[in-house]
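The tour below moves from one group of aromatic rings to the next.

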Amino acid sequence: MELKFKISNLDIPNKKGYTYSKESIENMFDKYRCNNIPIVLRDTYEDESSNNLIGYANIIDVNYPEFECYANIHSELITEALKKKIGGFVMYGLGSVNTGKNDKVIHDYKLEEFNYFLNPSQTTSFEVIDSEMP
């Protein structure tokens with residue numbers, strides 16, 4: 001399945017209370033555009049051992065506080081969830097925060113993968129481009 005997805009509202013706190021700086025998102029785009037970024041199915045946010053690779057994404061546009069990706073999903077289970085508009089995508093990676101100021105703004109973000117959750121912590125939307133499975 002081919003689709004476009006958008007992660008937005010990165011300038012308002014997520015479920016853990018963090019926001020992303022404009023600079024971190026723009027730098028992320030410069031580093032990762034046109035790369036195959038893994039998309040992994042996760043059961044929980046604490047489950048880092050899961051290795052259920054369901055596809056790859058490429059960042060195609062950044063307009064802070066959101067960005068858009070093109071993705072190719074190769075999982076029949078997720079394809080059905082996406083057709084029913086269930087769940088969404090979140091970023092997964094490492095960033096730095098200024099702990100001295102008790103600041104919850106993420107800087108210097110390094111994207112490692114996208115995760116697919118039934119209940120995403122980031123605002124996400126998607127549009128199916130082609131629903132045919134390979």
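A search of the whole structure, which is a predicted model, finds 6 aromatic pairs. Rings of Phe, Tyr and Trp (its six-membered ring) pair if their centres lie within 6.5 Å; planes under 30 degrees apart count as stacked, over 60 as edge-to-face and the rest as tilted.

Select Y20 and Y109 to begin. Their rings form an edge-to-face pair, with 5.3 Å centre to centre and 90° between the planes. Y20 belongs to strand β2 (residues 19-20) and Y109 to strand β7 (residues 105-117), so the pair ties together parts that are 89 residues apart in sequence. Strands (E, at least two residues) are DSSP runs, numbered from the N terminus. Both Y20 and Y109 are buried, a term for under 20% relative accessible area (1.4 Å probe, protein chains only).

Next, select F89 and F126. This aromatic pair is edge-to-face, at 6.3 Å centre to centre with 90° between the planes. F89 lies in strand β6 (residues 88-96) and F126 in strand β8 (residues 123-130), 37 residues apart. F89 counts as buried because its relative accessibility is 0%; F126 counts as buried at 14%.

Now extend the selection to F5, F67, F114 and Y116, which ring pairs link with F89 and F126 into a cluster.

Finally, select K104 and Y18. The charged end of K104 sits over the Y18 ring, 4.8 Å from its centre; this requires NZ of Lys or CZ of Arg within 6 Å of the ring centre and within 35 degrees of the ring normal.

For reference, residues are numbered from 1 along each chain as its sequence is written, and side-chain values use heavy atoms, with hydrogens and water left out. Local features need pLDDT of at least 70, side-chain atom pairs count only at pLDDT 80 or more, and totals for chains, interfaces and linings use all residues.

How values were computed: Helix = DSSP H or I, 4+ residues; strand = E, 2+ residues; numbered from the N terminus. Buried < 20%, exposed > 50% of the residue type's maximum accessible area, 1.4 Å probe, protein only.
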